[in-house]
Amino acid sequence: NVTVLQVREDVFEEQEEKDVKTFERISMRQHAGTLKGFQTVFSPDTAGTINEHVRVNGHDALALCTVERNFIEGLFHKSVIRQLCAQASYPLFILHE
């Protein structure tokens with residue numbers, strides 16, 4: 001079973017929250033046999049929050065998607081995948097965009 005975890009630093013705006021809920025409903029219908037559910041957590045420490053979620057919930061592995069960034073974005077972005085690779089004691093599956 002798959003659980004989708006979203007870690008956000010800030011709260012949703014009204015339209016954004018409606019869009020996310022619509023996506024969740026559609027996904028749950030289309031993947032009813034595989035998808036266990038969605039969870040949103042608000043935290044400034046994305047990598048630490050993901051790592052703690054996997055540990056506390058006893059998940060077997062973690063799948064992450066890379067995001068293509070331009071040069072300027074790359075200078076200021078702290079890689080969550082890189083941080084998790086250093087922390088994780090479980091298998092990581094990295095899916096490239």
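This is a predicted model: local features need pLDDT of at least 70, side-chain atom pairs count only at pLDDT 80 or more; totals for chains, interfaces and linings use all residues.
1. Overall layout. The protein chain has four helices and four strands. Along the sequence, these elements come in the order β-α-β-α-β-α-α-β. The C-alpha atoms fill a box of roughly 40 × 30 × 25 Å, taken along the principal axes.

2. Pairing of β1 and β2. Strand β1 covers residues 2-8, and strand β2 covers residues 35-42. The two strands run parallel. Seven bridges join them. L5 stands opposite Q39 of β2.

3. The β-α-β unit. Helix α1 spans residues 14-30. Together, β1, α1 and β2 make a β-α-β unit, and this unit is right-handed.

4. Geometry of α2 and α4. Helix α2 is residues 46-57, and helix α4 is residues 80-87. Their axes come within 9 Å. They cross at roughly 45°. An angle under 35 degrees would count as roughly parallel, and 65 to 115 as roughly perpendicular. The pair α2 and α4 is therefore oblique. The crossing of these helices is right-handed.

5. Residues in the α2 and α4 contact. On the α2 side, the contact is made by T46, A47, G48, I50 and N51. On the α4 side, V80, Q83, L84 and Q87 take part. What is the make-up of this contact by class? The contact of α2 with α4 has four nonpolar residues and five polar ones. No charged residues belong to it.

Terms used. Residues are numbered from 1 along each chain as its sequence is written. Side-chain values use heavy atoms; hydrogens and water are left out. Axes are lines fitted to C-alpha atoms, for helices over the stretch in contact, and angles run from 0 to 180 degrees between N-to-C directions. Angles under 35 degrees count as roughly parallel, over 145 as roughly antiparallel, 65 to 115 as roughly perpendicular and the rest as oblique. A crossing is left-handed if the near helix is turned anticlockwise from the far one by less than a right angle, and right-handed if clockwise. Contact means heavy atoms within 4.5 Å. Ala, Val, Leu, Ile, Met, Phe, Trp, Tyr, Cys and Pro count as nonpolar, Asp, Glu, Lys and Arg as charged, and the others, Gly among them, as polar. Two strands pair if DSSP finds at least two bridges between them. A crossover is right-handed if, with the strands pointing away from the viewer, the path from the first strand over the helix to the second runs clockwise.
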